[in-house]
Each structure stands twice: as C-alpha cells, then as structure tokens.
Amino acid sequence: AGLGKKPLRRWLATPRVQLEWQNLAHFADWGIPTARLVGYGLENGGGRFLRGALITAEIPDTIDLGWLAYSNDPRLKNRRWLDGTSRQLAAIARAMHSRRFVHGDFKWRNLLVDGTDTLYLIDCPSGGFWWPPFLEYRVVKDLACLDKLARHHLSRSRRLRFYLAYAQKQSLDAGDKRRIRSIVGFFSGRDEAIATAASLRAAGRNPLPQTRVALDDGSLLVVQDWLRVLPGKRLTGSGEWRGRKALAKLFIAERGSERHWQRECRGAENLRRHGLPTPALLASGLLGDGGHYVLYDCLDRARNPEGAALEDLMPVFAQVGRMHAGGLVQEDAHLGNFLLEGDRLYVIDGDAIRESATPADCTGNLALLLAQLQPQAEAALRADLLQSYRSGNPGAAVDEVQLAATSASARQRRLADYLDKCLRDCSLFASAHRTDRFFSIVRAETTLLAPLIHDPDAWLEKGVPLKRGRTATLARVEVNGRQLVIKRYNIKGPVHALSRSWRPSRAWHSWLEGHRLDFLGIATPRPLALVEQRAGPLRGKAWLITEYCDGASLAERYSDPDTTPPAAELDAIGALLRQLVAARISHGDLKATNLLWCNDKPQLIDLDAMRQHAGDAAFRRAWERDSARFLRNWPQGSALRLALEAVMPRV
C-alpha cells in the first residue's frame, strides 16, 4: 500500500495501511461483518514509512452493492431482500456512528453481500473517530455517500425507512428533518453518478466501467466497455443510448476538444457524401464541463482486417483507392481504422479524414498504409494490393519505386515511434520512473507480471535454472500457467558497477531490440517486461522478462557436423538471416546457442549487442563478423557448415 494523496504521511502521520487494519479490527470488535485480518505489517527506513502490506481472508461468493446498481440487478426490485439488507446497513451505520466513528468512504462499492444475503463492510483507510462539532458533518457525509446511488435506484419511502431504522425512531423530529435536508443536498452540483468531461479527465487511464454520461439533449449515455483511452484527451467506448447500442467518441481535452469534434463530424459527413460505407452518425453535441461527443451505430460483429491475410487486405486497398479517387485521404491510415462485417468494409475515424487530391498526398497515404504491414508481408503482397488499389482508383499513376522508398521511410518512422513508446507510459506499455527503479511492462500483461516485477530475484531463485553465470542469471518460471523466462544482468564488481551505472543496461538494449524484431516480424521470444535497479540517475542490476521458448538451440539440434539439416529447416534459417540483412540488423554475437528452434522456426535470443545500422558500410562489416561467428560453430569443410554457408546471405 502507498501513501495516498498525502506524501507527508511518511514522516508525520499514521500510514493508511495501518489505519486500515486498525479500523477492520474495530469493526470485528463491534460485531460489524468484515474481512478477517490474516496478516499485516510495515516497512520503515531512516525513520520514515516506506511501504506496508495488509492480508485479509477472502469473503467467498460476494458482490458489491455498487455493481448491483450498475448492472440493474433484480434484487434491487425485491422487497424482502431490500428490507433485510436495509436493516443490516442501518445497524452497521449505527454501530459506527454511535461510537463517534465515521467511515469516510461509505459508498455502495465498499459494501459486499454474499449468497446468504449477509452484508459486509470493507475498505476503510480513511475512517476515524471525531468529536462534536465536527462529528455531525462527518456523519452527514457518510449517509450522503450511501444516498448518492440510492436516489437513482430506490424510492423515497424506501430511503426514509432506512433512516428511521438507523435512527431507531418511528417518526421524524425537527432535528432529523434538518439532517435529511443536509444529506440530500450534500453532493448537490457534484453528483459523481453522472460523468462530465472534467470527471473523465480526472479518471485518467482508468475510467469506471458502466459510466453514465449526460448529453446536451437531455438523454443519458451508458458506456459499458471502454475500447480506447487517451487520458485527458479522447475516450472511445460502446454502450447504450436511447435503448439502442451505440459507439461513443468523447472528446474531453481542456484545449482542442471542439476542433477534434468538428473534424470528426466533418470527416464522417465527407465519407457519407462520397458514398463510402461508414457507421451511421446517430448524434453529436456537448458534454458537461466543455467536452464534446459523437455517437455512431455500433457494429457488434465487426472486426479489424488482419495484416497478413490477403483476402482482408484487398478490400481495404480498394476502399482507399475509392477514397483517393473522391479526393479524400486518411491521415492516420492503419488497419484499425477499417472494420469488416461480413462482406462489407467500413471506414471509421472521421477525425483523420481530410480532403486532398494531390498525387503526392495520395502516394504518401498509400505508403503509410503499406508500412503497417511487416516487411515480408508487404513484399509478398504488394503486387496484389496495388492491383486492388487501382481497381478503386483506375486513374491513379503509381510510381512503384517511389512508393517502396516512401513506405520504407514511413515504416522506419513508425518503428522509432514504437520504440519510444516501449519506454514510456502509454496505451501499449505501463512504465514508471522511480528513485529506486525503472520498469516498463506490456500493459496487457500487467496483472500477470505484477508479482514478478515486485521481486524478480525471489522468482529467479525458485524458478528452474537455465543459466547461472557471472554475467547473467536465467530461470524459467510459471505464472498462472504461463511459462516465462527471467534474465538478470549481473554486476560483477565495483569497477563493472561504475562502468554500467551511467549508461543504459543490457536489459534495456535487449528490451528495445526485442520489440524492434517483433515489430519487423523477425522471430524472437516476446519481451514482456524490463526492470532496472536505480539509485537516482545511476543504474545497477537489471532484469528482462520474456515468453519462454520451448526448444533446443541450433548448437544442440545440429550437434553432428556430418549431417545435413532438412531442406525446410535450412530454408527457415536462411529466411531469418535474410530478414536481418533486409533490415540492416547485426546481432553482435550470432553463435549457435543464441538461435533456438521453436515452433518449427529459428528464434533469436540474447539481443543486448544487437544494432540496426543506418549506413551500408558499417552494416557490411558487422554482418561479416556475424556470419563468421555463426559458421565457426561447426568444423571447416563439414557437411553441416557447407549447407549453412549456402543459405547465408551475402552483403
């Protein structure tokens, strides 16, 4: 657990994690059902709090009341269930408040109900004891937190009966009426049940599911799934609007939201006017706090085209040809901006559509779309894709040499942008710079990798050893059924520590080169996480976590130099090496133990010396060294070496 919003707690206050376990212990003493404490503790250093942990027993078969509300659970219409739950909640609130204790976050999401309809109270790091005159305000706030959702799901008489049970009265007196007015008006003007542009900006990368958004025409949009989140700028989600499914684009930036909203609407209108299939525009307008929205018809069964499937790509290029013929280009041309539903292809993202008829713009736009494909796929499919493009734009004069050069340049720019994203927090990667460590994780794998990132050395020790060297230590570990490899790049001594402290670690280089190869479609175990030990700006040990490749190295697979590998295997090795040459990439240590045979193809590992060269001369020298190192694994003149020499590309 961390510090919350008050870093001074390190020195001056009780840590939130300690308050949490103290308050849970109070609940147990007062007979309030809550999670049973199993263990807890603090870590201090230099007289200040560093971190803490709290472990509770699982409360099986539970769901929080907040989710019941958002999912419109039928229990909220069941009178008997409501009576029992209301009485339990009133008893919980009375047990706290009668002892001058307030929860501080007494919301439906912190109340769990199990299969026997027992109510549990959890999550109380903000609770504490108060004295008059401050106590009354805090009690009102607790009750107002409960009422904030109750007013949307329960009748006024039901809410009144709860208060009477809480106060243990048959009727209200003047003091009760004053308190109820305070409860009802406590969140007036700041009701979190309805999201605004400001609250969506404040949510950052993690907007709540089942978000309700009020639109300027008085209708309500309920977003059920967030599909893309650009924090503080734009959100895309699917949900319900006026009883029908809709796809919503919410422009929430403090600056520029109106400009992008206008471009979105203008682009959608241009597509419609030129007869290009695009989802129907249902509505557009203003959000609260300065945002804007656009609602489209939701295509439930649609999918994005696949980047290596010719039958998916040909309609895309034909559609782009029709766009260019109509004087439209898509500035951000990629396969994610097209949807296939059955035999019909839709163009989406009106924000990127603009009018242009110049040949240079069309060529650059077509090259950008080709650059989305991996180099091998582009080379194999280019002729068919250009034929499809010309079917949509018959009058186009395409200079194929210029197109290939522009596409290669666009791919290199995309690669540079992708490698930059590998080291910062974005939609693809979760990254953090701290004084004691740096880490970057593939965002989709954060839940799986969280325990490994926290203490990679502990996992190394209990994993299956693959290598125990002075330079590096490797182990295979299993996490939730997934086989992974953790590689620690060791510090060998004080001099080595000094030499490595001021420059990126070898894990850093391997992380970037692994993603470079993955981007270019060159086989390597998928890199999942990078961790560097830091002392301010200085670097120490580093760890790299990758997928596990279950295969033997070429040194083990081809241990007999007098045998010749099957032709299919030689072709696969030659294809991998030709990919490296085409991308002007040198490995730096291309020995047989650094190529693994996995999934019927060779995969490269140990990438910390890898480089992509800008100039031909430098690459030629590096490739000659790589070639010589690779062939040196087998005796001069042996059948195996001669077979491998035959597939080794010449530069």
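The points below cover the sheet, its helices and one further helix. The model is predicted: local features need pLDDT of at least 70, side-chain atom pairs count only at pLDDT 80 or more, and totals for chains, interfaces and linings use all residues. Residues are numbered from 1 along each chain as its sequence is written, and side-chain values use heavy atoms, leaving out hydrogens and water.

**Sheet**
- Seven strands make an open, antiparallel sheet, in the order β19-β20-β24-β25-β23-β22-β21.
- β19 (429-433) and β21 (464-468) are the edge strands; each has a single partner, so one side of each lacks a neighbour in the sheet.
- From one strand to the next, the twist averages 15 degrees.
- Strands are DSSP E runs of at least two residues, and helices are H or I runs of at least four, numbered from the N terminus.
- Two strands pair if DSSP finds at least two bridges between them.
- β19 pairs with β20 (residues 437-442) in the antiparallel sense over five bridges.
- Ala 432 stands opposite Phe 439 in β20.

**Helices on the sheet**
- Helix α14 (residues 446-454) packs on the sheet and touches β19, β20, β22, β23, β24 and β25; contact means heavy atoms within 4.5 Å.
- The direction of α14 makes about 155 degrees with that of β20.
- Angles run from 0 to 180 degrees between N-to-C directions, with axes fitted to C-alpha atoms, for helices over the stretch in contact.
- Helix α17 (residues 506-520) lies across β19, β20, β23, β24 and β25, at about 155 degrees to β24.

**Helix α19**
- Buried residues (under 20% relative accessible area, 1.4 Å probe, protein chains only) of α19 include Glu 569, Leu 570 and Gln 579.
- Just after α19, Arg 584 has a positive phi of about 55 degrees.

Definitions and conventions
Buried < 20%, exposed > 50% of the residue type's maximum accessible area, 1.4 Å probe, protein only.
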